[in-house]
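The following note sets out numbered points on the model shown below. Please read each point against the coordinates.

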Amino acid sequence: MTVAKRFRWEAAHRLPWHEGDCRFVHGHSYRMMVEVEGEPTEDTPGGSSMLIDFKHVKRMVKPLVEEMDHATMVADYDTELKEALATINSKTYVLDVDSTAENLAAHFADHIGTEGHEVLEKHGVDTIRVKLWETETCYAEIKKSVSEYVGVEESEVETHSTPTPVSA
Ligand SMILES: [Zn+2]
């Protein structure tokens with residue numbers, strides 16, 4: 001059984017090493033599908049079973065989406081852009097890695113896994129899948145096992161990611 005919830009937000013970013021136009025600050029209307037998979041563990045009084053209430057997924061994801069919405073995402077090493085954003089007092093979301101679609105999908109999956117593994121496991125969810133659209137026609141997808149996050153603190157996961165200079 002798979003349950004999915006869609007999210008959307010607007011944000012700006014740049015990839016300073018990019019040879020094409022992605023090196024310039026520009027914006028995207030991000031779309032994301034968060035899918036959780038597993039076997040329902042509880043029966044509802046009406047007899048039909050439910051994997052997990054959509055509100056649980058929303059609670060895990062929405063705060064992060066709100067932090068990113070209308071922000072400029074900037075990699076921690078991009079000090080030039082960080083300074084410029086501070087000068088104009090712009091909403092800023094600092095990442096340890098480049099803000100590629102691949103890294104953002106992993107960032108959300110890791111956030112859901114670390115913040116939500118207890119709730120997910122309780123409901124029989126074993127897999128998290130995040131599809132993140134940077135444009136209408138391009139998306140990155142990541143699949144993670146909930147068990148990977150058991151006993152892992154958020155701070156440990158954040159440092160795992162490494163920059164992947166791929167298409168943006
Ligand atoms: Zn871009």
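**Notes on the fold and its packing**

1. The crossing of α1 and α3 is right-handed; a crossing is given this term if the near helix is turned clockwise from the far one by less than a right angle, and is left-handed if the turn is anticlockwise. Helices (H or I, at least four residues) and strands (E, at least two) are DSSP runs, numbered from the N terminus. The two helices pack at an angle of about 140°, and their axes lie 10 Å apart. Axes are lines fitted to C-alpha atoms, for helices over the stretch in contact, and angles run from 0 to 180 degrees between N-to-C directions. α1 and α3 are therefore oblique to each other; under 35 degrees counts as roughly parallel, over 145 as roughly antiparallel, 65 to 115 as roughly perpendicular, and the rest as oblique. On the α1 side, His56, Met60, Val61 and Leu64 meet Phe108, His111, Ile112, Glu115, Gly116 and Val119 of α3. Two residues are in contact if their C-beta atoms, placed from the backbone, lie within 7 Å.

2. Residues are numbered from 1 along each chain as its sequence is written.

3. On confidence, the mean pLDDT of the chain is 90, and 89% of its residues reach 70 or more; pLDDT is the predictor's confidence in each residue, from 0 to 100. Over residues 159-168 the pLDDT is below 50, and this stretch has 20 contacts in the model beyond near neighbours in sequence. Where pLDDT is low, the predicted coordinates should not be read in detail.

4. The chain holds four helices and eight strands, which follow the pattern β-β-β-β-α-β-α-β-α-β-β-α along the sequence. Of its 168 residues, 33% count as buried. A residue is buried if 20 or more other C-beta atoms lie within 10 Å of its own, exposed if 12 or fewer, and partly exposed in between, with C-beta atoms placed from the backbone. Among contacts with a separation of 6 or more, 64% are between residues 24 or more positions apart.

5. Six strands form an open sheet in the order β6-β5-β1-β2-β7-β8, with mixed pairing. Because β6 (92-95) and β8 (138-145) stand at the edges, each with a single partner strand, one side of each is left without a neighbour in the sheet. From one strand to the next the twist averages 30°. Two strands pair if DSSP finds at least two bridges between them.

6. Helix α1 (residues 54-68) packs on this sheet and touches β1 (2-13), β2 (26-38), β5 and β6; its direction makes about 5° with that of β1. Helix α3 (residues 101-122) also packs on the sheet, touching β2, β6, β7 (125-135) and β8, and its direction makes about 150° with that of β7.

7. Strand β5 (residues 71-75) runs parallel to β6, and four bridges join them. Across this pairing, Val74 stands opposite Val94 and Met73 opposite Tyr93. The pairing of β1 with β5 is also parallel, over two bridges, and Ala11 has Ala71 as its bridge partner in β5. Four of the five residues of β5 are buried.

8. β7 and β8 pair in the antiparallel sense over eight bridges, and they form a hairpin with two residues between them. Ile128 stands opposite Lys144 in β8. Glu134, found in strand β7, is buried, with 23 other C-beta atoms within 10 Å. Glu134 and Ala101 are 33 residues apart in sequence but 6.1 Å apart in space, C-alpha to C-alpha.

9. Asn89, in the loop between α2 (79-87) and β6, has a positive phi of about 55°. With 7 C-beta neighbours inside 10 Å, Asn89 counts as exposed. Most residues other than glycine have a negative phi.

Note on methods: Predicted model: local features only at pLDDT ≥ 70, side-chain atom pairs only at ≥ 80, totals over all residues.
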